[in-house]
Amino acid sequence: MDAMQKTIEYTSVSRIAGPLMVIEGIEGVSYGEIVDITTPNGEKRTGQVLEANEEVAVVQVFEGTTALNTSETKVRFTGETAKLGVSMDMLGRVFDGAGKPIDKGPEIISEEKIDINGSPLNPVSRASPNAFVQTGISTIDGTNTLVRGQKIPIFSGSGLPHNMLAAQIARQAKVRGEGEQFAVVFAAMGITSEESNYFIEEFRKTGALEKAVVFINLADDPAIERIITPRIALTTAEYLAYEKGMHVLVILTDLTNYCEALREIAAARNEVPGRRGYPGYMYTDLASLYERAGRVKGKQGTVTQIPILTMPHDDITHPIPDLTGYITEGQIVLSRELNRKGIYPPVDVLPSLSRLMGNGIGEGKTRDDHSKVINQAYAAYAEGRGLRDLVAVVGEEALTDRDRAYLKFAQAFEDRIVTQGVDEDRNIEETLDYVWDILAILPMEELKRISEDLIEKYHPNFRK
């Protein structure tokens, strides 16, 4: 059947809607199968089967359905699923959202072809993430530590500098330890040409492109391409991690654009909409991306994910951040209030969280004082932030000396720990030393969460 099927060319397109077309009178077609399409003017396009029954198939067209019609369009089912040719030569290269080179370099000669949907991973074969990834950014490394194999999203808002932060993480991220190979896979979805040029220029001028694989899907590219871009990026990451033993950080931006493409396809299929018009299966679809992060027993490499999404109207209860929060292991939240103050990166550490932080910090990983000193600083910052609201009501004159110390600490925390330069790459020791420096603002008796031996070892009053 397969051999015969591949030679049959169908011209029985019955309907075209948005990025979808319906073909009738088909035989032996499977879900996920790749389709070769010839337009009336002879142009070649590619599609994938979204739905198939005995006689009808629904196909999504990656390049869009413009110029297609129901009478002259030719369709051939290949019997193959969507695959990506992968190779170590992909490092240092820039591709479009469908995996084709756009940097004027040669075509990639693939070592093997891998299904972009990934292979199902037996949960028993998963190993717990337990090693530190250094981003060089204090509010991540210090207070919301990223661990190899973790998935932790950045929740941003329209107009906030998440692109700048994404580029900085991609440039600075590294793993500690001799002989460890590290790479970044960067996938941008639905971005403007200006944003694309910014990312590529940033990577090139800093040399970060040498250890990166970049995929760019532009806003004027077909929305359907956005569905495969993150899958192609994750397939590349899995190859580098599990076949070549590298530690790979995958940065996906902007997942909101990806979910809008999902909604567009669902509307074209006349599906019953879920919350805010998004498809009811969006949770499952996002999980199929996020769950491709992790460590596998017996494999040296790891895949760590930082998905970035803009929350519509800064609403953290919106379906996209809401569902993402259920699947991932924490979140890093960008604050519009901190951004208005001119603070970069505007990371609000209070609602931010890394659920696996405890697995990746401590002696031999970061430093022996990491957990205790950050807990103390977090509690002091929360109290100082709370006192700001009180000052707005009663004025600073009504505060005690202790209250003033906490108020001063909160300001110092934002000035010294949260604020850092766009090109400032801090190692974890520098970050922790900065935290100790500002803890000296508080009376010694307030440091109740830190043991005396750590105070005597690291507190500025005891440093030689």
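How many salt bridges does a search of the whole structure find? The search finds 33 salt bridges, a salt bridge being a side-chain nitrogen of Lys or Arg within 4 Å of a carboxyl oxygen of Asp or Glu.

1. **Basis.** This is a predicted model, in which local features need pLDDT of at least 70, side-chain atom pairs count only at pLDDT 80 or more, and totals for chains, interfaces and linings use all residues. Residues are numbered from 1 along each chain as its sequence is written, and side-chain values use heavy atoms, with hydrogens and water left out.

2. **Largest core.** The largest nonpolar core has 70 residues. Such a core is a set of buried Ala, Val, Leu, Ile, Met, Phe, Trp, Tyr and Cys residues joined through side-chain atoms within 4.5 Å. Buried means under 20% relative accessible area, exposed over 50%, and partly exposed in between (1.4 Å probe, protein chains only). Ile169, Phe186, Ile251, Phe409, Phe413 and Leu439 touch the most other members. Helix H12 (residues 401-418) gives this core its largest share, nine residues. Helices (H or I, at least four residues) and strands (E, at least two) are DSSP runs, numbered from the N terminus.

3. Leaving aside residues up to four places away in sequence, Phe413 touches Thr143, Val349, Ala377, Tyr381, Val418 and Ile438. Contact here means heavy atoms within 4.5 Å. Another core, of 57 residues, lies apart from the largest one. Its members include Leu234, Met246, Val248 and Ala287.

4. **A salt-bridge network.** Arg171, Glu202, Lys205 and Asp423 are linked in a network of salt bridges. Asp423 and Arg171 meet through their side chains at 3.3 Å, N to O. This pair links distant parts of the chain, 252 residues apart. Asp423 sits in the loop between H12 and helix H13 (428-439), and Arg171 in helix H3 (residues 162-172). Asp423 is exposed at 64% relative accessibility, whereas Arg171 is buried at 13%. Glu202 pairs with Lys205, with the closest N and O atoms 3.0 Å apart. Both lie in helix H4 (residues 193-206), three residues apart, about one turn of the helix. Glu202 is buried, with a relative accessible area of 9%; Lys205 is exposed, at 57%.

5. Lys83 and Glu80 form a salt bridge through their side chains (3.6 Å, N to O). Lys83 is partly exposed at 44% relative accessible area, and Glu80 is partly exposed at 38%. The largest pocket holds about 670 Å³ of space. On a 1 Å grid over the protein atoms alone, a pocket is an open set of points where a 1.4 Å probe fits, with protein on both sides within 12 Å along at least five of seven lines; lining residues have an atom within 4 Å of a point. Of its 26 lining residues, Lys83, Leu84, Ala98, Gly99 and Lys100 are the closest to its centre. Strand S7 (83-86), strand S8 (93-96) and helix H5 (225-243) each give two or more residues to the lining. By class, the lining has 13 nonpolar, four polar and nine charged residues. Ala, Val, Leu, Ile, Met, Phe, Trp, Tyr, Cys and Pro count as nonpolar, Asp, Glu, Lys and Arg as charged, and the others, Gly among them, as polar.

6. **Second largest pocket.** Its volume is about 540 Å³, a volume being the space filled by probe spheres set on the points, which are joined across faces, edges and corners. There are 23 lining residues, with Gly118, Ser119, Leu121, Glu238 and Tyr242 nearest the centre. H5 gives the most to this lining, with six residues. The lining has eight nonpolar, six polar and nine charged residues.

7. **Backbone points to check.** Most residues other than glycine have a negative phi, and most peptide bonds are trans. The bond from Thr253 to Asp254 is cis, with omega near 5°. Asp254 lies in the loop between strand S17 (247-253) and helix H6 (255-268). The bond from Tyr344 to Pro345 is also cis, with omega near -10°. Arg276 has a positive phi of about 55° and lies in the loop between H6 and H7. His313 has phi near 60° and is exposed at 78% relative accessibility.
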